[in-house]
Amino acid sequence: TQRGEAAFADKWLRAEAAVRCGADLVLELPITASLSSAEGFAQEGVRILGEFCKALCFGAETAGKDTLLATAKALLSDQFPEALHRELDKGLSFPAARQAALEAMGLEGDTLTLPNDILATEYCKAILELGVTMEPMELLIVEVPEQYVGAVIEKLGSRKAELENIPKEKVKEVCKENLDKIKNGIRDFRF
């Protein structure tokens with residue numbers, strides 16, 4: 001993750017769990033990138049993956065792909081640094097100034113208020129900045145009570161989402177063995 005938190009299990013166990021749960025490949029970011037800001041984390045990840053991946057899937061809380069790309073383009077525009085400095089000169093913190101600068105440029109500044117949206121925007125920015133031919137793909141996993149499925153499908157449709165119905169039983173079946181290993185790894189961990 002990009003949160004700077006301690007891992008719940010060693011990297012080998014996490015990599016094995018990822019592969020057993022369906023990952024085709026597990027890569028490790030250099031420590032300098034994994035401890036960096038969202039910008040540095042995304043830049044290094046895209047740089048590494050850009051060599052052989054055609055798409056980059058990421059989570060986002062609210063913003064759709066088009067909004068994320070528009071925000072990324074604005075952050076890279078020639079107008080953005082001046083707009084940002086105007087807001088910083090007002091005494092705003094960097095995150096607030098960045099948000100206000102985007103709004104002054106006619107974009108949705110609240111795209112940069114939630115952690116996954118911030119990282120998703122930085123992924124899109126890195127894709128554009130590095131010039132890699134990688135398609136940004138937003139991944140959203142939602143569990144919905146039956147009575148709300150119609151409303152959720154309508155909202156997701158406006159984001160051009162593809163829906164997959166993956167039964168919980170399948171996820172549990174694939175990951176149960178790994179969960180036991182993780183639990184044992186945590187229990188056996190010593191300081």
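Biologist: Which residues of α3 are buried in this predicted model?

Modeller: In α3, the buried residues are Ala38, Phe41, Ala42, Glu44, Gly45 and Val46. Each is called buried because its relative accessible area is under 20%.

Biologist: Against which elements do the buried residues of α3 pack?

Modeller: They pack against α2 (31-34), β1 and α7.

Biologist: How do you know that the span of α3 agrees with its 12 residues?

Modeller: At 1.5 Å a residue, the 12 residues should span 16 Å. The end C-alpha atoms of α3 are 16 Å apart, so the two values agree.

Biologist: What makes up the largest nonpolar core?

Modeller: This core has 17 residues, and those with the most contacts inside it are Val46, Leu56, Phe58, Leu68, Leu119, Tyr123 and Cys124. Two or more residues come from each of α3 (38-49), β1 (55-59), α4 and α7 (115-130). Helix α7 gives the largest share, six residues. In soluble globular proteins, nonpolar side chains tend to be buried together.

Biologist: Which residues does Cys124 touch, not counting residues up to four places away in sequence?

Modeller: Cys124 touches Phe58, Leu68, Leu69, Ala72 and Pro136.

Biologist: Why is Ile127 called buried?

Modeller: Ile127, in helix α7, has a relative accessible area of 6%. The cut-off for buried is under 20%, so Ile127 counts as buried.

Biologist: Which residues are in contact with Ile127, leaving aside its neighbours within four places in sequence?

Modeller: The contacts of Ile127 are with Val46, Leu56, Val132, Met134 and Pro136. The C-alpha atom of Ile127 is also separated by 8.3 Å from that of Arg47, although these residues are 80 residues apart along the chain.

Biologist: Why does Ser77 count as buried?

Modeller: Ser77 lies in the loop between α4 (65-76) and α5. Its relative accessibility is 17%, and buried means under 20%, so Ser77 counts as buried.

Biologist: Where is confidence lowest, and where is it highest?

Modeller: Helix α9 (residues 168-188) has the lowest mean, 55, and helix α5 (residues 80-89) the highest, 96. For the protein chain, the mean pLDDT is 80, and 73% of residues reach 70 or more.

Note on methods: Residues are numbered from 1 along each chain as its sequence is written. Side-chain values use heavy atoms; hydrogens and water are left out. pLDDT is the predictor's confidence in each residue, from 0 to 100. Helices (H or I, at least four residues) and strands (E, at least two) are DSSP runs, numbered from the N terminus. Buried means under 20% relative accessible area, exposed over 50%, partly exposed in between (1.4 Å probe, protein chains only). A nonpolar core is a set of buried Ala, Val, Leu, Ile, Met, Phe, Trp, Tyr and Cys residues joined through side-chain atoms within 4.5 Å. Contact means heavy atoms within 4.5 Å. The expected span of a helix is 1.5 Å times one less than its number of residues.
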